[in-house]
Amino acid sequence: MQSDRRCAEGDGTPAAYAGVRVLDFTQYQQGPIATQVLADFGAEVIKIERPGTGDGFRGSNLTGTMNVVAGGYGPAFLACNRNKKSLALNLKHPRARGLVYALAEKSDVVVSNFRPGVMEKLGLGYEDLNRINPGIICSYATGYGRTGPDRETLGQDMMGQCRAGLVRGDPPHTCGFNVCDQIGGLLLAQGIMAALAARERTGRGQTVDTNLFNAGLVADTLGATAFLNADRVRPRNGGTGTLAGAPDRATRNPMYALYRAKDGRWVHIIDAFRDRPLERQCQALGIPESVARDPRFADVHNLTPEAYEELKGHLAAGVARFTAEEVVARFKAQDMMAVPVSGYRETFDDPQVRENDMMLEAQHPVAGRMRLLGFPVKLSDTPAALRRAPPLLGEHNEEVLGGLLGMSAAEIEALKKDGVM
């Protein structure tokens, strides 16, 4: 695995959100993903963290890669906090509120992911900050929303997955990653971008809300809409060449399923977007033409149990005759799709990952070399750029307070001695 894009601090590349300043009170994943998107496209994101501990993801191995920490950074923190500055500030100290007010007057967006009411208790809610800066946009990421019976309930990704209907099957299977956190962060970034665009016309700020529950609902928009309109539940893919947890045979399709190839890798074959799909799959796998012509397989979505098992057996035997790469090549020759199931090692050795510029490298003076995911969205004129590595806790205290608020070194040192920061 290699990466060849390095930190581009000060390279002069135009940025879409240059000049936009964000006060970021978020931690863990949902909120930090949103502010990282803005930072990638040039916004100045000032991450306000608790002195001493900072974001709960610092030093955390919640990604499951135990003992993988770079220079005191947990991999989860690295994933969500590039291109940001860190200001370590004790929000419970009365003098800290004045500093936040002064920064809010010079900022465009405030983002938080506390439970509803926390920012208001701190005197940092929308009504408080709007009096200081009528153009301020206050963005809230929560578990279930800022209204309703569960507004004060703690939220976490798995709670969103379970309640949104994403955990399916018998036994049930989760999505395998923090899908609600990740999509929730992207939705929050989208909402902030929309609010910034609206402010260009109106000159006014507003609030932006999103939550993990909503993110889980839209994660499977097609499945949710099918249920709402046809009372059908789309099953989760299983690992044996069938669709686990299917409520009836009509939702099981042997031509759209996982099979094990000759070299032991799993391959997902796909019958979408082409005419004569069974004929093409049989040709790709060396299955006799008589199978493709068999009238029992004419309607693959309404197979009898016997026909289902027989067709699945033909396809499984066909895939097992070839390696995963050979299956992919043979399907491609038929203008059909097949894809091997990849682990991360295969994924990041994939030439298309390099072509898409999806691995970046940053050099930090303390932590050293870091490798990060690239930018999934490409803009031709105002692209995202890696300007700075994820920050050390409080790394930019002097830069933020001295540069933005004009405080002297002595004044900043006095704040530290008084426990403000």
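Analyst: Two residues are in contact when they have heavy atoms within 4.5 Å. Keep that in mind, and also that this is a predicted model. Among contacts between residues at least 6 apart in sequence, 67% join residues at least 24 apart.

User: How many helices and strands does the protein have, and what percentage of its residues is buried?

Analyst: The secondary structure comes to 17 helices and 14 strands. Of the 421 residues in the protein, 45% are buried. The accessible surface is about 21000 Å², and 53% of that surface belongs to carbon and sulfur atoms.

User: How do I read the packing of two helices, for instance at what angle do α7 and α8 pack?

Analyst: Two packed helices are described by the angle between their axes and the distance between the axes. Here, helix α7 (residues 179–202) packs with helix α8 (residues 212–219) at an angle of about 100°, and their axes are 8 Å apart. Because of that angle, α7 is roughly perpendicular to α8.

User: Which residues make the contact between α7 and α8?

Analyst: From α7 come Val179, Cys180, Asp181, Ile183, Gly184 and Leu187, while α8 supplies Leu212, Ala215, Gly216, Val218 and Ala219. Sorted by class, the contact of α7 with α8 has eight nonpolar residues, two polar and one charged.

User: Now sheets. In what order do β10, β11 and β12 lie, and is their pairing parallel or antiparallel?

Analyst: Strands of a sheet pair through backbone hydrogen bonds, either parallel or antiparallel. In this case three strands form an open sheet, ordered β10-β11-β12, with antiparallel pairing. β10 (257–260) and β12 (337–340) each have a single partner strand, so one side of each lacks a neighbour in the sheet. Neighbouring strands here are turned by 30° against each other on average, direction ignored.

User: How many bridges join β11 to β12, and what packs on the sheet?

Analyst: Strand β11 (residues 266–270) is joined to β12 by four bridges.

User: Glu306 sits in α12. Is Glu306 buried or exposed?

Analyst: A residue counts as exposed when its relative accessible area is over 50%. Glu306 has 57% relative accessibility, so it counts as exposed.

User: For contrast, how many residues of strand β4 are buried, and which way do they point?

Analyst: In a regular strand the side chains alternate between the two faces of the sheet. In β4, Lys84, Ser86 and Ala88 point one way and Lys85 and Leu87 the other way. Five of the five residues of β4 (residues 84–88) are buried, so the strand is largely enclosed by the rest of the structure.

User: How does β4 pair with β3?

Analyst: Strand β3 (residues 44–49) and β4 run parallel and are joined by five bridges. As one example, Ile48 has Leu87 as its bridge partner in β4.

User: Why is helix α1 described as largely enclosed?

Analyst: Because 11 of the 11 residues of α1 (residues 30–40) are buried. Among them are Gln30, Pro32, Ile33, Thr35, Leu38 and Asp40. After α1 comes Gly42, with a positive phi near 105°.

Methods
Residues numbered from 1 in each chain as written. Predicted model: local features only at pLDDT ≥ 70, side-chain atom pairs only at ≥ 80, totals over all residues. Heavy atoms only, no water. Axes fitted to C-alpha atoms, helices over the stretch in contact; angles between N-to-C directions. Parallel < 35°, antiparallel > 145°, perpendicular 65-115°, else oblique. Nonpolar A, V, L, I, M, F, W, Y, C, P; charged D, E, K, R; others polar. Pairing = 2+ DSSP bridges. Buried < 20%, exposed > 50% of the residue type's maximum accessible area, 1.4 Å probe, protein only. Areas by Shrake-Rupley, 256 points an atom, 1.4 Å probe, with all protein chains shown as cover.
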